Amino acid sequence: MQVTVTGPGGTSNGVPFTYTTAPVPTLTSVTPTSGPTAGGTTVTLTGTGLATASAVRFGATPAASFTVVSDTHITAVAPAGTGTVPVTVTTPGGTSNGISYTYSAAPILSGVSPNQGPTSGGNTVTLTGANLTGATAVTFGATPATSFTVVSPTQITAVVPAATAGPIGVTVTTPGGTSTLPSAYFYVSTPVLTGVAPPSGPLSGGNTVTLTGVHLIEATAVRFGTTAASAFTVVSDTQITAVVPAGAAGLTDVTVSTVGGTSNAASYTYLAAPVVTTLIPSQGPVSGGITFTLTGTNLAQATTVHVGGAPAGFTVVSDSHIVVDALPGAAGPVTVTVTTPGGTSAPKTYTRVGSPGI
């Protein structure tokens, strides 16, 4: 058709003009659908009729920049903003429908609880803070959490990955940015036991033993088999003193637990108290110089034999026999007892006999 201009002086010559039908652009998606309030996120717009785009807007704010990739794709750099806004594309054919884009506030991580655990990982911790919704990653140092769950905008639960002993920072990433809490979590080494002294004691317990090893400073429990120690004191990272609970005769495993895990087992033996059934011969000269034999049970661990209250020399022959040196002394009966880590036997009588007079 011809385009003309009419005025008081008449009508101009005609200039040809052709109408074309430019399609209105249509948006079908925006990826990603959110980003930080500071902007700077590159998003991809998909749709149709985008080839002649002259503007891309986030709400009323133009994109920081945009590139037409094809008639169905545009990449755009989000400007700064807040809240949820429609993203639109304008072409000579008009302005597209809006697709929502959400500006997310930067996350704030304020705490990790518990804040320590084993180097093997696998335990669950709770992260607290603000703006945690939509978290895309949780890392311990540079290692991603084994898994995590966003509970609320202020809470995330995460399964801790394995790592070496020591402090480490924890980081949460959301579309709004990242937040790192330095040295927020401490990996604790598994305790190691190397000895228990003394290595045995009575069935009734109540005696104190010293446990030695490494990584003991964080001890939360000491057990003899499945029974907790009556009490324990952490002396240092390499030493604990513990009061032995009652137990059954025989070997039992002693373990130490910390937040780093449970130690290897060290052996401790519960000993029944010694029992003396016979003393042969039951008498001898006041000058001593002879031996007598004690028979009974639980004698192998004998530490002392007292004759009349004084320690005597002795030889353990077996768990049921001990040979004892008779001590010199005044004529008359004296008591004989055997002491082991399991206790002291009931007394037996030995009689010193004076030389006959003439």
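Figure 1. T26 has T48 as its bridge partner in β7. The model shown here, as in every view, is predicted. β5 and β7 pair in the antiparallel sense. Five bridges join the two strands, and β7 covers residues 42–48.

**Figure 2. Four strands form an open sheet.** The strand order is β5-β7-β11-β10. Pairing in the sheet is antiparallel. β5 (26–31) and β10 (65–70) are the edge strands. Each of these edge strands pairs on one side only. On average, neighbouring strands of the sheet are turned by 25 degrees against each other, direction ignored.

**Figure 3. β27 pairs with β31.** β27 spans residues 221–224, and β31 spans residues 250–258. The two strands pair in the antiparallel sense, over four bridges. V222 can be picked out in this view: its bridge partner in β31 is V256.

**Figure 4. β27 and β28 form a hairpin.** β28 consists of residues 227–228. Two bridges join β28 to β27, and the strands run antiparallel. R223 has A228 as its bridge partner in β28. Two residues lie between the strands of the hairpin. G225 takes a positive phi here, near 65 degrees.

**Figure 5. Y101 and Y103 make an edge-to-face pair.** A search of the whole structure finds seven aromatic pairs. In the pair of Y101 and Y103, the ring centres are 5.3 Å apart. The ring planes stand at 85 degrees, so the pair is edge-to-face; the cut-off for that class is over 60 degrees. Y101 is buried, with a relative accessible area of 0%. Y103 is buried too, with a relative accessible area of 7%. Both values fall under the 20% that sets the limit for buried residues.

**Figure 6. Y185 and Y187 form another edge-to-face pair.** The ring centres of Y185 and Y187 are 5.1 Å apart. Their planes meet at 80 degrees, so this pair is edge-to-face. Y185 is buried, and Y187 is buried as well.

**Figure 7. F58 belongs to a cluster with Y101 and Y103.** Ring pairs link F58, Y101 and Y103. Y101 and Y103 are the edge-to-face pair with ring centres 5.3 Å apart. Both tyrosines are buried: Y101 has a relative accessible area of 0%, and Y103 has 7%.

Notes. Residues numbered from 1 in each chain as written. Predicted model: local features only at pLDDT ≥ 70, side-chain atom pairs only at ≥ 80, totals over all residues. Heavy atoms only, no water. Pairing = 2+ DSSP bridges. Axes fitted to C-alpha atoms, helices over the stretch in contact; angles between N-to-C directions. Phe/Tyr/Trp six-rings, centres within 6.5 Å; stacked < 30°, edge-to-face > 60°. Buried < 20%, exposed > 50% of the residue type's maximum accessible area, 1.4 Å probe, protein only.
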